[in-house]
Amino acid sequence: MSGAEVGLAISVFLACTVEAVEALTIVLAVGTTRSWSSAMSGVGAAMLTLAVIVAALGPALTSLPIDVLRVLIGGLLLVFGLQWLRKAILRSAGLKARHDELESFRVQTDAASTAGERRSGFDGYAFTISFKGVLLEGLEVAFIVLTFGANQHRVALAAAAAGLAVLVVIAAGVAARAPLARVPENTMKFAVGVMLSSFGMFWGTEGAGASWPGGDAALLAILPGVLVAAVAMAWTVRRATLSASVAAASAAPAEAGDQASVSA
Amino acid sequence: MTRARACLASVWEFVVGDDWRTALGAVLALALTALIATTGVAAWWIMPPAVIGLLALSIRRAAREASRGS
């Protein structure tokens, strides 16, 4: 397996694990409060839909000329990856709320409990919420599987990495019988953002007709370079945010003191 | 909104998200790379600083918006 294929497998596995953990929380919430059979039917229908999307678009994408594929998919992956990385940096810097599986489980459970009467047999609410949850979380994974896989003509490898991640998360969920709150989702999202942006930049540049010095080995410089820049940005913004909040906190008592002396 | 427009809006939101400037910058940087590559001059060096710069600007905008909002 080449370095780029290892990168493909790791990126897809991490991205799929994060999304599967979020989908598991939704399915657990509706399964425990409403109906397990209907929730699992929703999961099955969503997985089938995702498999059809990947199976239909995968061969269509891989039939494109390699340069067109690389600039198109590399550009899409870069834009998509920068969006992931931006959100991960903002979360890491404390400017965006971190995903909390226990809180998400509580919200979903409350919504499921108050969503009308439960009927015996098929429960439409449990089916729909599970279906939507798995489909929406899975679409990002399908996008990554298709873009990474098509670029290297290894859609099957990308799909296998995604499938393995789903199995690992299901096994962990069955063992824990609770939302997987201890999975370091935000760190994993940061890593996925770095990988998507780096591979997107690499393939997009090659597709645009430029050659990287050292060929595929350039990824060994691009990946750590993007990682260091992203960590530095998160650190800088976190420090600036902390300084601003300390300044605001120390200014508040001083203002209160000024007002007290004026009124006296 | 028609279904087609809603579908396009969903795709846009899915791929581009809430910062269209970064997406536009990435596309322009790739176009510049393609343009310079056609002249036979090395063009690989354009994307790394462009990507890091676009990300830094995007984070700065988000930090400013957050500080204005708080």
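Author: Let us begin with a term: two residues are in contact if their C-beta atoms, placed from the backbone, lie within 7 Å. Take the contacts in chain A between residues at least 6 apart in sequence: 87% of them join residues at least 24 apart. Please keep in mind that this is a predicted model, where local features need pLDDT of at least 70, side-chain atom pairs count only at pLDDT 80 or more, and totals for chains, interfaces and linings use all residues. Residues are numbered from 1 along each chain as its sequence is written, while chains are lettered from A and ligands numbered from 1 in the order in which they are written.

Now the setting. Of its 264 residues, 45% are buried; a residue is buried if 20 or more other C-beta atoms, placed from the backbone, lie within 10 Å of its own, exposed if 12 or fewer do, and partly exposed in between.

The part to look at is helix α3 (residues 66-92) of chain A. Inside its own chain, α3(A) comes within 10 Å of helix α5 (residues 124-151) of chain A, axis to axis, and the two cross at roughly 145°. Such axes are lines fitted to C-alpha atoms, for helices over the stretch in contact, and the angles run from 0 to 180 degrees between N-to-C directions. This crossing is left-handed, meaning that the near helix is turned anticlockwise from the far one by less than a right angle, whereas clockwise would be right-handed. From α3(A), Leu69(A), Arg70(A), Ile73(A), Leu76(A), Leu77(A) and Phe80(A) take part, and from α5(A) come Phe143(A), Thr147(A), Ala150(A) and Asn151(A). Seven of these residues are nonpolar, two polar and one charged, where Ala, Val, Leu, Ile, Met, Phe, Trp, Tyr, Cys and Pro count as nonpolar, Asp, Glu, Lys and Arg as charged, and the others, Gly among them, as polar.

α3(A) also reaches across to chain B. Between the chains, 30 residues of chain A are in contact with 28 residues of chain B. Elements giving two or more residues to this side of chain A are α3, α7 and α8 (219-263), and α3(A) gives the most, with 12 residues. The whole side divides into 21 nonpolar, eight polar and one charged.

Within this region, α3(A) packs against helix α2 (residues 20-38) of chain B at an angle of about 150°, their axes 9 Å apart. That crossing is right-handed. Val71(A), Gly75(A), Leu78(A), Val79(A) and Leu82(A) of α3(A) meet Thr22(B), Ala23(B), Ala26(B), Val27(B) and Leu30(B) of α2(B). Here eight residues are nonpolar, two polar and none charged. An α-helix has 3.6 residues a turn, so residues three or four places apart point the same way.

Just after α7(A), Gly209(A) takes a positive phi of about 105°.

Note on methods: Helices (H or I, at least four residues) and strands (E, at least two) are DSSP runs, numbered from the N terminus.
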